[in-house]
Amino acid sequence: NSSGVEVFGNLIAENDGAGSGTSEIQLQPYGTDGYINCTASGNLYTRMGTGYAVRTQIDSSGNFIVQSGNIKLATAGKGIDFSSTGGPNNGSDSSELLDDYEEGSFTPVLTPHTGSFSAITYTNQLGRYIKIGHTVHVWLYMSWTNINTSGAITGTYISGLPYTTSSGGWVDGGSFTPNYYAGISNMGTKALSGYTAQNNTIIVLTFVGSGNATGVSPTYIGNGQLYGGVTYRAA
């Protein structure tokens, strides 16, 4: 019928005998609800394309399986809701929605707090990150030569983080953990460390030890290299 077909009640497709066993697929309107029913004891598939390629599957245990392609969310702020799992034993939760996952790269840059380096040549500027919800995991490797720190004063940062740190408080920041570094002087008995400043995209480098922490003057930076990582909460 060129104008379509309308069925009052259920629409039932029964097994045509091509496979073993019997099953039905039903379209069932029910008041303000609607149902797609399948009496099969095996799987319910969706297939698409000229070769009837299987796209999705619901198995006999109720598991939803994507056979090809990805699950894409077309609306920003939507995701996987875990609210049915309950909250924590201590504290409180504000959200149980997983609404973001990313993997990417960025370019870390040595930056003085005030002024600028007169010269610096990077031999490596590698940054990688994974973002899960508001949590950002960062890894970086930098090496540089021909550095001239004249014109740079106060402190030293690593700028260029992929996401701005939340401004909710210092607890949203993270501790930068160097795995290896070279070319940094005047450390005394302290070790190199750092932290992500709130509401910013920088890692503030510090010397830690002897009961306190101090900033790293740009004049302490010579030709060298730095490996490290940090985890922080994004805005």
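A salt bridge is a side-chain nitrogen of Lys or Arg within 4 Å of a carboxyl oxygen of Asp or Glu. By that rule, this structure has 1 salt bridge. It joins the side chains of Asp100 and Lys131, at 2.7 Å from N to O. Asp100 lies in the loop between strand 8 (97-98) and strand 9 (101-106), and Lys131 lies in strand 11 (residues 119-132), so the pair ties together parts that are 31 residues apart in sequence. Strands here are DSSP runs of E, at least two residues long, numbered from the N terminus.

Some ground rules. This is a predicted model, where local features need pLDDT of at least 70 and side-chain atom pairs count only at pLDDT 80 or more, while totals for chains, interfaces and linings use all residues. Residues are numbered from 1 along each chain as its sequence is written, and side-chain values use heavy atoms, with hydrogens and water left out.

Back to Lys131. Is it buried or exposed? Lys131 counts as buried, because its relative accessibility is 7%. Buried means under 20% relative accessible area, exposed means over 50%, and partly exposed is in between, with a 1.4 Å probe and protein chains only.

Now the core. A nonpolar core is a set of buried Ala, Val, Leu, Ile, Met, Phe, Trp, Tyr and Cys residues joined through side-chain atoms within 4.5 Å. The largest one has 26 residues. Leu110, Val138, Ile158, Phe176, Leu192, Ile203 and Leu205 touch the most other members. Strand 12, strand 13 (152-159), strand 14 (175-184), strand 16 (202-209) and strand 18 (221-233) each supply at least two residues. Which strand gives the largest share? Strand 12, with 6 residues.

Take Ile158. Leaving aside neighbours within four places in sequence, its contacts include Leu110, Leu140, Met142, Phe176, Ile203 and Leu226. Contact means heavy atoms within 4.5 Å.

Stay with strand 12, which spans residues 135-148 and holds Ser143. Ser143 is buried, because its relative accessibility is 6%. Its side chain makes a polar contact of 2.4 Å with the side chain of Thr123. Another, at 2.8 Å, goes to the side chain of Asn124. A polar contact is a pair of N or O atoms within 3.5 Å; within protein, one must be able to donate a hydrogen and the other to accept it, and residues adjacent in sequence count only if both atoms are side-chain atoms. Not counting residues up to four places away in sequence, Ser143 also touches Thr121, Tyr122, Gly224 and Gln225.

Next, Leu44. It sits in strand 4 (residues 44-48). Leu44 is partly exposed, at 27% relative accessible area. Beyond four places in sequence, Leu44 is in contact with Ile25, Cys38, Thr56, Gln57 and Ile58. Leu44 and Ser60 are 16 residues apart in sequence, and 8.3 Å apart in space, C-alpha to C-alpha.

Finally, two loop residues. Most residues other than glycine have a negative phi. Asn186 has a positive one, near 60 degrees. Asn186 is in the loop between strand 14 and strand 15 (191-196). Asn186 counts as exposed because its relative accessible area is 54%. Asn199 also has a positive phi, about 55 degrees, and is not a glycine. Where is Asn199 found? In the loop between strand 15 and strand 16.

Note on methods:
Helix = DSSP H or I, 4+ residues; strand = E, 2+ residues; numbered from the N terminus.
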